[in-house]
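The following exercises concern a single protein chain. Please examine the sequence and the structure below before working through the solutions.

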Amino acid sequence: MTQRILLVEDELGLVMTLSDRLASEGYAVETANDGETGLARATSELFDLIILDVMLPGDSGFDVCRILRRRGFSTPIIMLTARGQTIDKILGLKIGADDYVTKPFEMMELMARVEVQLRRASSAVTLPEEVYQFGDIRVDFRRAEAYRGPEVVELSAKEFKLLRYLIEHRGAALSRDELLNEVWGYDAAVSTRTVDVHVAWLRQKLEANQRHPQFILTIHGLGYKFTG
């Protein structure tokens, strides 16, 4: 499957150069020219890597990176900047960037860093710990049980399997077809409507306000995303 990269950069010449080079390396490249647009695309579409300039119109690259990490997105981020001060690199890494490249840079170096981040992400194990906490909900994977405070939240086996898959892939936009295939199985004689029904049941049991969910979010036109 072709890996998708989001390039958030306002220098149009650099956008063209980087897009052409990344495309020649076999990546699918999408672009945004300001922080607001970059954030919107990063939170509504599925990308394997984000290349993020620090100095952007509107929200800075630091702002975008910080918001993505706070919302639970784990997509690898390489930050680009014309600055050379160590403090800027430290700040970028502390707020969640995975790598940092200072302009001007050698294209081969950036391509190598892109490859490293994609390789790390593809080999990362995303299984949760035995106990996972979000909000006032505690999920015990060993016991296959969920709790709100001391009280057990009654979940069916399929609801628990769906919840586990969402948690294991937290931050990722998951299509209804993917959830159907991974939770119910490729040969299951059910429709994507089944996914919607089970998500509604999970929200009813786990969300403080199921009409305005905080953890299991709808990605319109695609499916769902867990942000706990």
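**Exercise 1.** Classify Lys-205 as buried, partly exposed or exposed, and determine which residues its side chain reaches through polar contacts.

*Solution.* Step 1: Lys-205 has a relative accessible area of 28% and is therefore partly exposed; buried means under 20%, exposed over 50%, and partly exposed in between, with a 1.4 Å probe and protein chains only. This is a predicted model, in which local features need pLDDT of at least 70, side-chain atom pairs count only at pLDDT 80 or more, and totals for chains, interfaces and linings use all residues. Residues are numbered from 1 along each chain as its sequence is written, and side-chain values use heavy atoms, with hydrogens and water left out.

Step 1: Lys-205 lies in helix α8, helices being DSSP runs of H or I with at least four residues, and strands runs of E with at least two, numbered from the N terminus.

Step 2: Leaving aside residues up to four places away in sequence, Lys-205 touches Arg-148, Val-153, Glu-154, Leu-155 and Glu-159 (contact: heavy atoms within 4.5 Å).

Step 3: The side chains of Lys-205 and Glu-159 form a polar contact of 2.8 Å. A polar contact is a pair of N or O atoms within 3.5 Å; within protein, one must be able to donate a hydrogen and the other to accept it, and residues adjacent in sequence count only if both atoms are side-chain atoms. The Lys-205 side chain also reaches the backbone oxygen of Glu-154, at 2.9 Å.

**Exercise 2.** Explain how the buried residues of helix α3 are arranged around its axis.

*Solution.* Step 1: Within α3, residues 61-70, the buried positions are Gly-61, Phe-62, Val-64, Cys-65 and Leu-68.

Step 1: These residues lie on the same side of α3, because they cover an arc of only 165° around the axis, taken from the directions from the helix axis to the C-beta atoms.

Step 2: After α3 comes Gly-72, with a positive phi near 95°.
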